[in-house]
Amino acid sequence: MQKQTDARGQSLSAFVSVVVLALLLVAGLVIDGGQQAAGRASAERAAQGAARAASDASATGRLAGRPDTGAALAAGRAYLAAAGVPGEVRVVAGRVQVHTRTSAPTIFLSLVGIGTVSAQADAEAVLVSR
């Protein structure tokens with residue numbers, strides 16, 4: 001007498017495996033995507049704050065008719081350092097340009113080989129003489 005195997009149990013196991021994998025990927029997109037969105041918001045806040053700080057630091061020079069680009073650069077860089085966000089501050093043609101970037105480790109997407117999510121932001125402030 002031969003033993004018969006039930007094919008229904010095997011196909012159900014395969015189906016459950018596929019569904020669980022799909023749910024893990026969706027959870028990864030939601031949770032790790034949220035981390036990326038939070039990182040972008042943090043990068044934007046830091047870039048905007050650094051541009052504002054740079055503009056404020058050069059205000060005295062602007063009132064005298066000469067914006068103080070050195071003070072603007074120092075203030076923008078100090079703001080980024082205090083915020084703990086890496087980035088660059090430049091003064092080009094009377095404009096302060098700030099570029100920031102952040103990254104965060106993933107929780108679920110690391111299961112499929114994506115170890116980090118990153119975000120970038122830019123902000124600009126005009127140094128005008130009045």
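In the predicted model, a nonpolar surface patch of about 1,100 Å² is formed by Leu-12, Phe-15, Val-16, Val-19, Val-20, Leu-21, Leu-23, Leu-24, Leu-25, Leu-111, Val-112 and Ile-114. One of these contributors, Leu-25, belongs to helix H1, which spans residues 7-57. The relative accessible area of Leu-25 is 34%, and this residue is therefore classed as partly exposed, since that class covers values between the 20% limit for buried residues and the 50% limit for exposed ones.

Helix H1 also contains Gln-35. With a relative accessibility of 27%, Gln-35 likewise falls in the partly exposed class. When neighbours within four places in sequence are set aside, the contacts of Gln-35 comprise Ala-104, Pro-105, Thr-106, Ile-107 and Val-117. Gln-35 and Ser-118 are 83 residues apart along the chain, yet a distance of 9.0 Å separates their C-alpha atoms.

The strands of the model are arranged as follows. Three strands make up an open sheet in the order S1-S2-S3, and their pairing is antiparallel. From one strand to the next, the twist averages 15°. In general, the strands of a sheet pair through backbone hydrogen bonds, in either a parallel or an antiparallel manner.

The pairing of strand S2 (residues 95-105) with S3 is antiparallel and involves 11 bridges. Within this pairing, Gln-97 has Glu-124 in S3 as its bridge partner. Helix H3 (residues 69-83) packs on the sheet, where S1 and S2 are the strands touched. The direction of helix H3 makes an angle of about 165° with that of S1.

Between S1 and S2, six bridges are found, again in the antiparallel sense. Glu-88 is positioned opposite His-99 of S2. The two strands S1 and S2 form a hairpin, with two residues lying between them. In the turn of this hairpin, Ala-93 adopts a positive phi of about 50°.

Terms used. Residues numbered from 1 in each chain as written. Predicted model: local features only at pLDDT ≥ 70, side-chain atom pairs only at ≥ 80, totals over all residues. Heavy atoms only, no water. Patch = residues over 30% accessible without salt bridge, like charges linked within 9 Å, V, L, I, M, F, W, Y side chains within 5 Å. Areas by Shrake-Rupley, 256 points an atom, 1.4 Å probe, with all protein chains shown as cover. Salt bridge = Lys/Arg side-chain N within 4 Å of Asp/Glu carboxyl O. Helix = DSSP H or I, 4+ residues; strand = E, 2+ residues; numbered from the N terminus. Buried < 20%, exposed > 50% of the residue type's maximum accessible area, 1.4 Å probe, protein only. Pairing = 2+ DSSP bridges. Axes fitted to C-alpha atoms, helices over the stretch in contact; angles between N-to-C directions. Contact = heavy atoms within 4.5 Å.
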